[in-house]
Amino acid sequence: MDTAAERTSPGGHRTDPVLVDRVTEALLLAGLPVGYGGHGPGVHLRPARPHDDSDDCAGLIALHWEPGPRLAAAAAMEQPQQPAFAARRVVGSTMRNAFAEFLPAFGIEVVAGRLGGETRVGRADGPAPATGQDAAAPAPAGSRPQDLGISADVVAAVRRTAGLAGLPVADHLHAPGITLTPCPAVEDGDDTTGVADLHWNPSRRLSAAADGDTPAAERAARARTAVQDAMRHAFGAVLGACGLDLQWRRPAALPYQLRAYGLVDELPVRR
């Protein structure tokens with residue numbers, strides 16, 4: 001089986017398989033899909049490739065994001081200034097920035113790269129959050145978006161744009177992925193009927209560890225918060241580039257809302 005640990009960079013450098021496993025585990029705990037063997041949407045790990053002779057990247061792992069197949073196929077047929085190509089570029093760079101935001105919370109060192117370049121990791125310089133194995137029982141059933149009064153058009157729009165980006169959408173509030181919750185009105189005349197507030201759920205294992213009563217729960221809780229913040233920050237650019245009509249709102253004395261209203265008129269990929 002072809003894995004990132006077995007491949008070499010053009011300079012012949014190999015990556016540490018233990019580090020590859022550690023990074024992969026962190027990404028899965030974060031709730032992100034990982035593409036194996038260079039296929040499928042999600043995070044792809046490979047040996048870092050030098051930009052030039054002065055770029056000593058021996059042993060570093062480069063992280064990339066592969067969007068959904070429809071966006072990838074459309075972008076491959078376009079020029080840089082065209083919508084699908086531009087959307088793929090925004091999705092990829094924004095997701096790489098998200099990795100750099102949350103991986104340090106898992107004890108993984110992120111190496112500063114060149115502007116607009118790949119996100120690289122060099123070593124695991126701290127303990128990983130202690131988590132148990134995946135529970136055999138299914139996640140407790142939570143409310144589905146449609147049960148909470150979210151418009152069917154909004155749900156469909158989030159699913160469509162997330163699919164283009166390669167991101168999972170949670171089936172209910174306790175499942176991993178993008179979650180949709182109702183938006184309380186911020187002020188008089190603020191009609192939020194059917195509008196969704198977007199959040200991110202990491203894996204069940206990370207959430208269970210963060211909510212536990214073990215000494216490691218605090219570290220797991222910090223990792224969960226880092227993942228949720230990084231992913232939510234990424235939504236505005238990632239889903240917006242894929243055609244979702246989004247708006248940040250800050251209610252008085254309440255957390256920020258990231259509101260999803262539906263699809264924009266001009267989409268990067270034809271329906």
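Biologist: Leaving aside neighbours within four places in sequence, which residues is L167 in contact with?

Modeller: This is a predicted model, and the contacts are read from its atoms. Neighbours within four places of L167 are left aside. What remains for L167 is L32, W65, M95, A162, I178, W200, M231, F235 and V238.

Biologist: Which residues touch the most other members of the largest nonpolar core, and which element gives the most to this core?

Modeller: The largest nonpolar core has 62 residues, and L32, F102, L167 and L198 touch the most other members. In soluble globular proteins, nonpolar side chains tend to be buried together. The element that gives the most to this core, with ten residues, is α6.

Biologist: In what pattern do the helices and strands follow one another along the sequence?

Modeller: The protein has six helices and eight strands. Read along the sequence, they give the pattern α-β-β-α-α-β-β-α-β-β-α-α-β-β.

Biologist: What share of the contacts with a separation of 6 or more is accounted for by residues 24 or more positions apart?

Modeller: The count takes contacts in the protein with a separation of 6 or more. Among them, residues 24 or more positions apart account for 60%.

Biologist: What percentage of the residues is buried, and how much of the accessible surface belongs to carbon and sulfur atoms?

Modeller: Of the 271 residues in the protein, buried ones make up 45%. The accessible surface of the protein comes to about 13400 Å². The part of this surface that belongs to carbon and sulfur atoms is 52%.

Biologist: How many salt bridges are there?

Modeller: Side chains of opposite charge can pair when their charged atoms come close. The cut-off used here is a nitrogen of Lys or Arg within 4 Å of a carboxyl oxygen of Asp or Glu. By this rule the number of salt bridges is nine.

Biologist: Take E25 and R205: how many residues apart are they, and is R205 buried or exposed?

Modeller: E25 and R205 form a salt bridge, with their closest N and O atoms 2.8 Å apart. This pair links distant parts of the chain, E25 in helix α1 (residues 17-29) and R205 in helix α5 (residues 204-210), 180 residues apart. E25 has a relative accessible area of 30% and is therefore partly exposed. R205 has a relative accessible area of 13%, so R205 is buried.

Biologist: Where in the chain do the partners R232 and D197 lie, and what is the relative accessible area of D197?

Modeller: R232 and D197 form a salt bridge whose closest N and O atoms are 2.7 Å apart. R232 is in helix α6 (residues 217-241) and D197 in strand β6, 35 residues apart. R232 counts as buried at 12% relative accessibility. D197 is buried too, and its relative accessible area is 7%.

Biologist: R160 is buried yet has no salt bridge. Which backbone oxygen does its side chain reach?

Modeller: R160 has its place in helix α4 (residues 152-165). The nearest side chain of opposite charge, E266, is 11 Å away, and the salt-bridge cut-off is 4 Å. At 3.4 Å, the side chain of R160 reaches the backbone oxygen of R270.

Biologist: Which residues does C183 touch, not counting those up to four places away in sequence?

Modeller: C183 lies in the loop between β5 and β6. With a relative accessible area of 6%, C183 is buried. Not counting residues up to four places away, C183 touches T192, V195, A196, D197, Q257 and R259.

Biologist: How far apart are the C-alpha atoms of T181 and Q146?

Modeller: T181 lies in strand β5 and is buried, with a relative accessible area of 17%. Beyond its neighbours within four places, T181 is in contact with residues including L148, I150 and D197. T181 and Q146 are 35 residues apart along the chain, and their C-alpha atoms are separated by 9.6 Å.

How values were computed:
Residues numbered from 1 in each chain as written. Predicted model: local features only at pLDDT ≥ 70, side-chain atom pairs only at ≥ 80, totals over all residues. Heavy atoms only, no water. Helix = DSSP H or I, 4+ residues; strand = E, 2+ residues; numbered from the N terminus. Buried < 20%, exposed > 50% of the residue type's maximum accessible area, 1.4 Å probe, protein only. Core = buried A, V, L, I, M, F, W, Y, C linked by side-chain atoms within 4.5 Å. Contact = heavy atoms within 4.5 Å. Areas by Shrake-Rupley, 256 points an atom, 1.4 Å probe, with all protein chains shown as cover. Lys, Arg positive; Asp, Glu negative; His and termini not counted. Polar contact = N/O pair within 3.5 Å; in protein donor to acceptor, adjacent residues only side chain to side chain.
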